[in-house]
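Student: Could we go through this structure together, starting with a single residue and then working outwards?

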Amino acid sequence: MALVIEGEEHIAAPVQKVWEALNDPDVLKECIPGCQSLEMKTPTDMAATVVLKIGPIKATFAGEVTLTNLKPPHSYTITGEGKGGIAGFAKGGADVTLTEDGPDTTILKYEAKADVGGKIAQLGSRLITSTSKKLAGQFFSSFGEKVSAG
């Protein structure tokens, strides 16, 4: 089951600062809903453990996160795949673009695609779509708040 999520976030910080935060595993770990661990293996590869609750199913996903198409400090693609055991799998990616909006404001736009399978996919597209949009929104709004405040 595939879905697409788009959005944008206005962040009160210069593009370079936002770019650095997007590449900082500590910042990402704090902002990813349910993230238990996120560890840099190489400058573009991370290992992650995320606990998610989708409807009645709560699952721990262990997976890999990879950064590609890096065009510092303006854009990259972040992709990930996680396996949740009996609950199924989730994989997806997001194209993230940063645009300067004055010297101290950045517009972060994202277009994410996700695919889920297994028991989770049986929950129905409406629940999965609304949960995915909520999780993406939570990530980008908490990321925006963290980077603006820091």
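Student: Is Glu-111 buried, partly exposed or exposed?
Tutor: Glu-111 counts as partly exposed, at 30% relative accessibility, where buried means under 20% relative accessible area, exposed means over 50%, and partly exposed lies in between, with a 1.4 Å probe and protein chains only. Please keep in mind that this is a predicted model, in which local features need pLDDT of at least 70 and side-chain atom pairs count only at pLDDT 80 or more, while totals for chains, interfaces and linings use all residues. Residues are numbered from 1 along each chain as its sequence is written, and side-chain values use heavy atoms, with hydrogens and water left out.

Student: Which residue forms a salt bridge with Glu-111?
Tutor: Glu-111 forms a salt bridge with Lys-113, and their closest N and O atoms are 2.9 Å apart; the term stands for a side-chain nitrogen of Lys or Arg within 4 Å of a carboxyl oxygen of Asp or Glu. Lys-113 is partly exposed, at 44% relative accessibility.

Student: And what stands opposite Lys-113?
Tutor: Lys-113 in β7 has Gly-93 opposite it. Strands β6 (residues 89–100) and β7 (residues 106–117) pair in the antiparallel sense over twelve bridges, where pairing requires that DSSP finds at least two bridges between two strands. Strands (E, at least two residues) and helices (H or I, at least four) are DSSP runs, numbered from the N terminus.

Student: What is the strand order in the sheet?
Tutor: The open sheet has seven strands in the order β1-β7-β6-β5-β4-β3-β2, with antiparallel pairing. Strands β1 (2–11) and β2 (35–42) each have a single partner strand, so one side of each is left without a neighbour in the sheet.

Student: Where is the turn between β3 and β4?
Tutor: The two strands form a hairpin with two residues between them, and Gly-55 in the turn has a positive phi of about 60°. Ten bridges join β3 to β4, and Lys-53 stands opposite Lys-58 in β4.

Student: Back to salt bridges, how many are there in the whole structure?
Tutor: A search of the whole structure finds five, and one of them joins Lys-146 to Glu-30, with the closest N and O atoms 3.2 Å apart. That pair links distant parts of the chain, since Lys-146 lies in helix α3 and Glu-30 in helix α2 (residues 25–31), 116 residues apart.

Student: How exposed is Glu-30?
Tutor: Glu-30 counts as exposed at 55% relative accessibility, whereas Lys-146 is partly exposed, with a relative accessible area of 33%.
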